[in-house]
Amino acid sequence: MRSKNREFGEVILECKKLCISYFTRAGEIPAVIDFDMKLHQGESVGLVGESGCGKSTVALAIMQYLGNNGGIVGGEIVYRGRNMSEMSEEELRQLRGNEIAMIYQEPMASLNPSMKLGRQLMEVPLFHEVGVTEAEAAERAEHVLASVKLPDPRRVMSSYPHQISGGQQQRVVIAMALLSNPSLLLLDEPTTALDVTVEAGIVDLIAELGETFNTGMVFISHNLGLILETCDRVNVMYSGEVVEEGRVDEVFDHMRHPYTRGLFGCIPLPGADKTARPLVPIRGQLPLPHQRPRGCYFGPRCDFFQGGRCDQAQIPMHDLPEQPGHSVRCVRWNEIDWSTYNPEGVSTEVIEPGPEVLHIRDMRKYYEQHDNSIAALIQGKRTRYVKANERISFDARESQTVAIVGESGCGKSTLAKVMMGLETATEGEIVFRGNDVAEKAVETRSPEEIGSMQMVFQNPFDTLNPSHTVGSQLARVIRKFGVESDPDKVHNRVMELLDLVKLPRDFARRRPRQLSGGQKQRVGIARAFAGNPSLVVADEPVSALDVSVAAAVTGLLMDIQRQYRTTLLFISHDLSLVRYLADRVVVMYLGNIVEQGTTDEVFAPPYHPYTEALLSAVPIADTSIEKKRIILEGVLPSVVNPPKGCPFNTRCPRKIGDICETEKPPEIEASSGHMIACHIPLEELEAVAPVIVQVDKSDETPPPEPARENAAE
Amino acid sequence: MTDIALQKTEARESGIVRFFKGVALLRESRVGIAGAILVLFWVLMAVLADVFLALGLLFPPNSIFVPLMEPLSEFIAEPGQSFDGLGGPVEEVCSLITSGANEGKYYCGTFWLGTDMLGRDLWSRLVFGAQRVLFYAPIATIAAYAVGIPMGLAAGYKRGKTDDILSYIGNVILAFPPMVLFVVIISVLGSSGVNVILAVTLASAPGVMRIVRGITMDLRNREYVFAAETRGEPLWRILLIEILPNARGPIIVDAMLRMGYVIITIGALGFLGLGLPPPDPDWGGMITEFRAMIIAFPYMTVVPCIALSSLVLGFNLLADGLREVSLRD
């Protein structure tokens, strides 16, 4: 995490009353309105907000890359005292290469796949600086690769982009941006495409960069936790406007805008709990740019809305007198009494799990791969096995939520496929309500069997067929599972399902493209529950949604689960969310289960070293949380050629010796039902300090604030 | 910005309305409008050809009148003459000229594009030629798609052996120069409309298969296909209901391009004498018929060439326009 009390240099970038619009078929659409920002040398400013709030547009405007249909319609961007819109194309080109650099979400898209990385890096000084020799350029490239902590820079230099992992690619992209020693770095969701443990490394690197290179950074993210770890100041954006601005700790601890408050209510912070303190989604939807309300854009969704005040003129930013630099765009900034505001949702009874529904024992899934190369022919090794799942054993009970946690490539999707019958298990058993379905492909299952185990998918934009209406897709499922066959009854059931997921009934006639991401995901949930399933596999159902929408969808999913006493198998990489909603957690790594137990057991010592690293990698948007930093080195091994012994031994920070490389780790039973697969003795694992610790902040000097604010905290 | 389209509640529209709304989007592409005008011109001509004939605006295409008339020359008949295609004696169907050099003769119409060596009206033959080509080309294209789409869907969805076999067959066919293939097929089967359709289908289906296979390979990884699989849908349903409707955009664009190509092919077959059997007018046949006289009477050859090119160009521009419109937003 960045140290919070640093001195910064002169102002390098200033946005003054910036207004940006896009011009489309539908007319002018204001994307960013009245945006002010000051960035000092060495400072890192975060832009945070949900999709469509204009954060990327700001970055593109700073780069002067708005494209044909976008333009700055008001205000100015001043870079080192010069108005950027008055610069010529040539000046801008010089600036972009030398002083301002941008890093995008997809590292692979920023690297040329047909050029060696060394050459691509060397091009930066060779093209942008006069009199640089090849040797000098190569030396500088190697140096900068080392400074982004890539192991073996020389090997990276002679590799092509596809030969290194995604995290390493992103490091190379950052290195490339740093080569020209820019004074301004724009990072647009630089870690969103990466796994959490890889992300942690990149975040650490970014946090250090400002200090070592004294670079000013604009960090764009939808993740409040990442902003806390990387930024000094933060701008919270909503529908094209900054609604709150200030130092990260001030905004996070003493937020004043109802939207900021709402955002924090939507994210599963360590204190949240699905029964006692559920998440509170922000009601309503983000207004479309051409349908923004008068006055405060957040008005229709705000609990403190006052007709006649909030819906009149445009709301200016108000500075908080007690916190210089902290300002908020709310007319009621000084009068809302947060102490009486109860942001907690409706708490519910804890539900006792019922009888066992799913029982998986020693399930293996190997894929055969035929190698037709001559070398394989000579060696006689024509068939290789991809060990996607190895010795999977766990149980799930009625109305229980079991989370399966792991990063990409850990075999969670294969597990889901085998359960759904799209693949059959190589070995072992999957007993679902008394029947072994491990080797029963979906074609051989009865409609009731299929309907009783269904899935909710990850990508809202892909989960519904764009060619058919919502109603016809739901009706198909109902008929297919034999729930109803009479057209009127099918229609009624479709309506019931839409009611169940809290969508208006006329959505049945709509097509998926007329729905927002959250609405599509609701239809996806309705589809999964059409056959009255007793088990639902949810594969990252909210990871592609904005936080406020995700909170609503998560809440809905849990409501329905409670109502129907459904068993939920929740596949996720988001440990905060898992801690919030799961009863049991299964941690997977490279096709193996490394740890499983109840949520409390898994989130407290003893940990498997991988669980420990995962926990420490998750960014948490709470200033009172202190975490251990564990950065995993190395690359995820391939499942075609997994390491011998413990699958985690190549990256394990706590490897104890040769035994890890040669022998499969034993399954230690830490307590009844809590299993850890590790060679390290239990006593030693138990001795580890917890990764996430809530620090009591009372010993710190609290910032000056009005008396009633204290009561709210 | 995608959210804008999203809020337009067009929930209650039927498929037909949406189709025409889609077509109406074409007006945003100039290229597309140009293509549509060219294609519509020939389609109207072909559809209304028989009406025009009945109204006396066209001559019967195979009737022999006056040979070697230049374009725009008037059809002047002597009293007492009679022509097969006029529907009666000159005195009854034509109008008497009452003044000028041709006084006493009869005016029977204008050869807008002149007549050929045999004395047939070129414009009439062109219009009836359009009728034929616009009958056979769509049928041949649809036939090629009817064969290519199932092959492509199966190959792209099943992969593995199915894909290997189907792609192998397709590649073998594609490896032949298409013209050689046509010549062989038509020489063996004989020249008739059905055989032209057969030949075109055989030669085009592998191309169609490749396109559909590519799209299917992408679409099969979508989650809605996965969802259909997990509820145990039969194969045909996954292919035809889940995948195919989502491939329609690229398929329609490709169909327009392919239609142009089929028209050229039919023309080329006619040019080689392998096309639709004479004496009915066929553009390819018209081009080749009086090719030897191109220096003396260029219009006989050039006019059908222009007709053929304009129709093909029309389809190509239409395809470009559709693509342009479909890529917007």
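Predicted model: local features only at pLDDT ≥ 70, side-chain atom pairs only at ≥ 80, totals over all residues.
1. The count between chain B and chain A is two salt bridges. One salt bridge joins the side chains of A:Arg476 and B:Glu233, with an N to O distance of 2.6 Å.

2. Between chain B and chain A, the rule finds eleven residue pairs in polar contact, both residues being at pLDDT 80 or more. On the side of chain B that touches chain A, the elements giving two or more residues are helix H1 (3-7), helix H9 (223-230) and helix H10 (235-243) of chain B. Of these, H9(B) gives the most, with six residues. By residue class, that side of chain B divides into 16 charged, eleven nonpolar and six polar residues.

3. The extent of the interface can be stated in two ways. In terms of residues, 37 of chain A are in contact with 33 of chain B. In terms of area, the two chains bury about 3100 Å² between them, and 56% of that area is on carbon and sulfur atoms.

4. Salt bridges were also counted for the whole model. Over all chains, the structure holds 47 salt bridges. One within chain A is formed by the side chains of A:Glu427 and A:Arg364, at 3.4 Å from N to O. This pair links distant parts of the chain, 63 residues apart: A:Glu427 is in strand E16 (residues 427-432) of chain A, and A:Arg364 is in strand E13 (residues 356-370) of chain A.

5. A:Pro606 is found in the loop between helix H20 (599-602) and helix H21 (609-617) of chain A. For context, most residues other than glycine have a negative phi, and most peptide bonds are trans.

6. Seven cavities of 30 Å³ or more are present in the structure, and the largest cavity holds about 80 Å³ of space. Fifteen residues line the largest cavity, and those closest to its centre are A:Pro258, A:Cys296, A:Cys302, A:Cys310 and A:Cys330. The lining of the largest cavity comprises eleven nonpolar residues, two polar and two charged.

Key:
Residues numbered from 1 in each chain as written. Chains lettered and ligands numbered in written order. Heavy atoms only, no water. 1 Å grid on protein atoms, 1.4 Å probe; cavity = no way out; pocket = protein on both sides within 12 Å on 5 of 7 lines; lining within 4 Å. Points joined across faces, edges and corners; volume = space filled by probe spheres on them. Nonpolar A, V, L, I, M, F, W, Y, C, P; charged D, E, K, R; others polar. Contact = heavy atoms within 4.5 Å. Buried area = accessible area lost by both parts, 1.4 Å probe. Salt bridge = Lys/Arg side-chain N within 4 Å of Asp/Glu carboxyl O. Polar contact = N/O pair within 3.5 Å; in protein donor to acceptor, adjacent residues only side chain to side chain. Helix = DSSP H or I, 4+ residues; strand = E, 2+ residues; numbered from the N terminus.
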